[in-house]
Amino acid sequence: MNLGIRAILYSARKWKKTLLVFCLLLAITTLVLSGLAIADAQEEQAEEVRGTTGASFTVERNLSTGGWASGNGGSYSTQEFITEEMLQEIGSVDGIAGYDAAVVSMPYYYTQSGESIVTEDVNNSFYTYGSLNSEYNELFVSGRFELVEGTHITEDMPNGLILSRDRAEKNGLKLGDKVSGINNPYADDPEVEMELVGIFDVLADKDDEATMYDAATLWDYTDYAFCSYNAMKEMAVNYEDGSKLQEAHFFVEDAAQLDNVIAEVQNISSINWDNFIITANDEVYQNISSALSDTGTLITTLIVVITAVSMVLIILILSMSIRSRKRETGILLAVGIAKPAVILQYVLETLLIAVVAFPLAYLSSKQVAGTLGTLFGKAAENVIVTPEHFMLVAIVGGILLVAAVLVSSISTMRLKPKQILSQME
Amino acid sequence: MNLCKRACLYSIRKKGKTLTLLAFLLVMATLMLTCLSIQSATETANANIKKALLGYFTINAKTLESGIPEDTVSQILDVDGLSGRYTLRSYTYAAYFDADGNLLEINTEGAAQVPEGYENAGRVVANSNSQEDSYFTDGGFEMVEGNPITTEAGSQVLIHEKFAQRNGLSVGDTMLLGNVEDKDKTIPVTVAGIFTNTEEQDSIGMAPSYDLYDNIVFTDLSTASFLLYGTEGTTNVQYGDFYVNDPDELERIMTDVQELDGVDWENCTLTRYDNDYQNAKESLEGLQNIVFIAIAVVSVICFLVLALFLTLRLRGRIHETGVYLAMGISKGSVLLQYLLEVILVAAIALFISFGTSTAISHQIGSSLLSQVTSETYETVDLTGENEAAQEPTEDLGLAEIEVAVSAEDYALVWAFGMVLCVASTALAAYPIMKMKPKSILSQMS
Amino acid sequence: MSIMEIKQVGYSYDNKKKVLKGVNAEMEQGKLYAILGPSGCGKTTLLSLIGGLDSPGSGQIYFDGQDIAKTGLSDHRKNHVAFIFQAYNLIDYLTPAENVSLTSKLPPLPILERLGLTKEEAKRNVLKLSGGQQQRVAIARALASEAPVILADEPTGNLDEDTAQDITEILKESAHKMNKCVVVVTHSNELAKQADVVFRLKKGELQVLERVQDGATQPQSRRNNAPRSERRAH
């Protein structure tokens with residue numbers, strides 16, 4: 001009788017034992033698979049956390065390497081400005097989530113009926129950012145402002161405008177209203193038509209004098225506005241350098257990659273980096289990075305411990321199950337079946353169980369992940385058992401099982417058949 | 001032979017089997033204990049993240065007649081949940097005199113106007129630590145000479161490089177700060193340091209003379225308090241930023257603070273600043289959930305595996321059971337013997353597991369520590385390329401992560417382990433015990 | 001022509017107690033040999049050595065003139081000898097028929113039927129059979145293996161008298177009709193009486209007690225005092 005048939009007959013006839021070993025294998029494999037999925041989910045989640053830290057870098061003109069010229073307002077730098085092409089080139093680098101660059105001016109706004117939109121101040125000028133992507137404006141990123149209605153200004157929006165809720169209400173404006181802006185109504189500046197696309201709330205305390213170093217502090221936060229860069233350019237058409245970009249902020253997806261992203265940006269050959277300075281800003285990430293990586297290390301350790309323990313458990317279980325078959329081993333040897341054939345039979349039986357248990361564990365761990373998903377919501381959705389996990393577990397598990405059977409058989413196989421028979425229970 | 005003796009003899013004579021069981025239980029108990037210690041360590045790590053996201057609230061008591069008094073500040077600091085990190089700030093104006101009472105000259109070039117009464121006056125900024133003031137952190141101010149002001153009392157000032165040149169002042173000199181309205185009310189201060197601005201002031205042409213960078217003076221809080229409120233010996237402040245441990249508790253802490261006596265909270269503005277935390281909140285909760293999920297999965301499967309293992313073990317003893325029953329030993333007694341064996345081994349395993357899991361936890365703890373040191377080094381190295389002067393990483397007062405087996409965890413594992421051993425042995429024994437001795441014996445293999 | 005030859009075989013447990021001290025014997029096909037001796041004298045050990053379950057401390061065992069230590073114990077077990085145990089030692093997850101098929105390519109049913117098992121019994125769980133029937137299966141397994149030597153360790157020890165007699169008959173037939181060399185370790189005089197040659201193992205030495213000249217025609221064994229002649233190799 002060949003050993004394959006013996007293996008199948010054993011597994012089928014001793015189905016209770018087979019079932020037990022099967023359940024154990026299933027449980028342990030599910031554990032390891034879930035563990036692997038959890039480790040990956042942790043990685044993803046940590047990346048998400050890092051993404052929320054608003055790590056960014058600033059590209060600004062390097063005034064120290066540029067020339068200087070003097071005009072009627074004093075001397076000014078002739079250093080090259082940041083162009084829109086440059087922004088797009090940098091913005092297309094992998095790992096950059098978004099960017100903003102803005103030109104600041106203090107225009108006046110009028111309703112369609114021609115009435116001036118009033119500010120808190122007697123002077124009706126608004127401190128306005130002509131922004132490419134207002135979502136990434138420092139004021140929104142830092143949480144001082146919050147967009148409560150409408151949308152942010154984006155690059156493809158040529159004539160958008162965002163005002164504070166106070167101003168919108170006081171002037172009876174609502175989303176979609178047409179507003180026209182003039183940079184300086186006392187000069188020969190053009191009137192540019194815009195559409196109110198968003199309204200923000202002020203969360204920060206503007207009365208706090210901590211920001212007095214900034215020119216913008218002369219305006220009340222409610223008198224701030226954001227308009228499309230394009231609209232700003234049109235309004236400032238009479239001011240040669242006034243509509244050019246001095247600096248731009250780029251936000252990265254993963255704060256841990258900030259340095260790599262910056263390095264890649266600095267490799268863009270079409271930009272003369274002598275003329276620009278890059279400054280990294282990842283203070284928040286720096287603050288939490290060590291605690292965050294602690295969490296990562298702990299979870300990884302946990303998974304490693306789980307995996308190691310699982311291996312030990314499998315070896316223990318198999319050695320127990322092999323040792324309980326000493327008598328059988330003795331008989332098989334006595335009837336002249338060679339040791340390798342006997343061991344091979346045991347290996348085969350174990351693999352037979354594994355062949356069923358592993359795919360089932362794949363399904364059951366997916367089930368576990370699914371159940372966790374409904375229990376814990378979003379976080380657990382990241383706990384996904386991938387085919388790669390399965391392949392890993394199946395291959396390593398298979399090797400481990402064979403090794404475990406061999407190791408477990410050593411003690412029995414070292415004995416002479418006579419000793420086995422006399423020891424048997 | 002009583003069942004205790006049988007249990008002991010079985011355990012001793014069947015060394016291999018007992019050792020396998022011991023190894024199994026030990027591994028399980030160690031796994032559980034390690035998991036629990038890792039879980040509590042991740043809780044610490046998570047609390048550290050929350051703390052490092054620096055949630056704080058600012059009290060703006062500018063409109064109050066006497067600001068925030070000193071004892072109110074200490075009461076606020078006693079509120080549960082504050083991290084102990086805080087900044088007190090005051091802003092005022094002062095007329096500048098030299099030690100002899102002669103007016104000092106200010107810069108008026110580039111000023112939108114020179115308001116009346118401020119011809120020789122400037123802005124006075126007082127901060128618990130002048131280095132942390134926004135002029136220094138965001139405005140590009142830098143010390144040129146001397147030391148920043150870090151004490152709340154001390155009658156010191158920092159002056160601008162140009163102001164020092166204009167008036168022939170240097171570090172160590174004494175000057176007088178006078179109340180703008182009542183110029184006779186003066187306070188002598190020592191020049192502790194000289195600063196300069198690295199960035200052009202962008203409000204030139206718009207700001208009044210006293211707000212020009214050249215005319216700003218940094219001082220300590222008690223000096224500002226004297227100028228603002230005329231206090232002597234006690235320090236009242238206009239603003240306070242108080243950092244909390246857990247930004248989730250900001251709301252509660254702010255409510256608690258507003259219940260304190262001594263301040264007219266109605267006329268104060270309290271603002272919460274926890275944007276970084278709010279951004280990260282959801283993801284952080286996710287991270288925390290993942291740890292919980294891991295522990296839950298491990299626990300459930302551990303128990304499952306243990307139950308299965310004990311069943312497997314008992315099934316190997318069907319024949320023995322038949323023999324006992326045939327000898328007239330009652331089923332209860334046999335079951336009790338099996339339970340006793342398992343409990344005996346479990347107790348030993350649990351005792352040893354404390355040692356093993358403590359050792360493992362210790363190992364994890366020290367690997368965390370070495371990781372921290374190497375990482376700090378790395379960040380300094382990398383950012384050094386991009387930023388000329390990188391300040392050393394701030395000490396946020398984060399708790400050291402301790403991976404240790406707590407007494408509660410240990411007790412928990414004991415309780416659960418024992419209950420589980422008993423339950424699964426009893427459960428595994430049930431089908432065997434139900435059989436008649438004869439059928440047990442005939443089933444032997 | 002002897003098929004098994006035992007030369008100066010010695011054996012000791014843990015290098016201490018000497019169980020066998022220079023045992024010599026020769027065994028032929030077509031004869032039933034019985035080895036008698038008190039419990040613990042080394043009978044089973046001797047049988048194990050002959051069967052290649054263990055290797056002797058000293059001396060050689062020859063099968064068909066070749067040293068089994070050289071040709072390989074596993075090969076010896078597989079091709080030359082078949083065991084029958086007191087405790088039957090059937091593989092419990094295999095049916096009687098499958099147990100017989102373990103080592104044989106012959107169809108198991110005829111053999112089992114010849115030994116008195118019904119077709120139904122041949123397909124039952126072996127543990128549900130009576131002791132006698134289990135031993136018949138064990139013998140069937142031994143016979144089916146086509147090994148010329150059958151080694152039986154107390155094959156009737158667990159059986160009642162009638163069944164024991166049946167088993168003895170089967171063993172005898174195996175020797176005489178199927179030309180096997182059957183070696184039985186026993187302390188049953190009933191069995192010994194029917195053997196062609198009876199050895200007694202005493203103090204580690206083997207003596208021939210009885211010898212029947214023509215075992216095939218003599219149903220009853222007879223006492224024969226010629227111990228020396230068996231020890232010619234000495």
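## Chatting through chains A, B and C

Biologist: How many residues of chain A are in contact with chain B?

Modeller: In this predicted model, 77 residues of chain A are in contact with 85 residues of chain B.

Biologist: And how much area do chain A and chain B bury between them?

Modeller: About 7,100 Å², with 70% of it on carbon and sulfur atoms.

Biologist: Which elements of chain A give two or more residues to the side that touches chain B?

Modeller: They are α2 (15-51), α7 (258-266), β13 (276-281), α8 (283-323), α10 (339-376) and α11 (378-381) of chain A.

Biologist: OK, and which of them gives the most?

Modeller: That's α8(A), with 26 residues.

Biologist: What does that side of chain A look like by class?

Modeller: The side of chain A that touches chain B has 44 nonpolar, 18 polar and 15 charged residues.

Biologist: How many salt bridges are there between chain A and chain B?

Modeller: The count is zero. There are four residue pairs in polar contact across that interface, though, with both residues at pLDDT 80 or more.

Biologist: Switching to chain C. How many residues does the contact take from chain C, and how many from chain A?

Modeller: It takes 26 residues from chain C and 23 from chain A. Chain C and chain A bury about 2,100 Å² between them, and 60% of that is on carbon and sulfur atoms.

Biologist: How many salt bridges does the rule find there?

Modeller: Two across the interface of chain C and chain A. In a salt bridge between Lys14(A) and Asp92(C), the side chains meet at 2.6 Å, N to O.

Biologist: Which parts of chain C supply at least two residues of the side that touches chain A?

Modeller: β1 (2-13), α1 (43-51), α3 (73-79) and α4 (96-101) of chain C each do that. By class, that side of chain C divides into eleven nonpolar, nine polar and six charged residues.

Biologist: In what order do the strands of the open sheet in chain C run?

Modeller: The order is β2-β1-β4-β5, four strands with antiparallel pairing.

Biologist: Which strands stand at the edges?

Modeller: β2 (17-28) and β5 (66-67) of chain C. Each has a single partner strand, so one side of each is left without a neighbour in the sheet.

Biologist: How many bridges do β4 and β5 of chain C pair over?

Modeller: Two, with β4 (residues 58-63) and β5(C) running in the antiparallel sense. Phe63(C) stands opposite Gln66(C), which is in β5(C).

Biologist: Last one: what domains does the assignment give for chain B?

Modeller: Domain 1 (3-51 + 279-442) and domain 2 (56-269). Their C-alpha centres lie 58 Å apart.

Definitions and conventions
Residues are numbered from 1 along each chain as its sequence is written. Chains are lettered from A and ligands numbered from 1 in the order in which they are written. Side-chain values use heavy atoms; hydrogens and water are left out. Contact means heavy atoms within 4.5 Å. Buried area is the accessible area (1.4 Å probe) that two parts lose on being put together, summed over both. A salt bridge is a side-chain nitrogen of Lys or Arg within 4 Å of a carboxyl oxygen of Asp or Glu. A polar contact is a pair of N or O atoms within 3.5 Å; within protein, one must be able to donate a hydrogen and the other to accept it, and residues adjacent in sequence count only if both atoms are side-chain atoms. Ala, Val, Leu, Ile, Met, Phe, Trp, Tyr, Cys and Pro count as nonpolar, Asp, Glu, Lys and Arg as charged, and the others, Gly among them, as polar. Domain bounds come from an automatic or database domain assignment. Two strands pair if DSSP finds at least two bridges between them.
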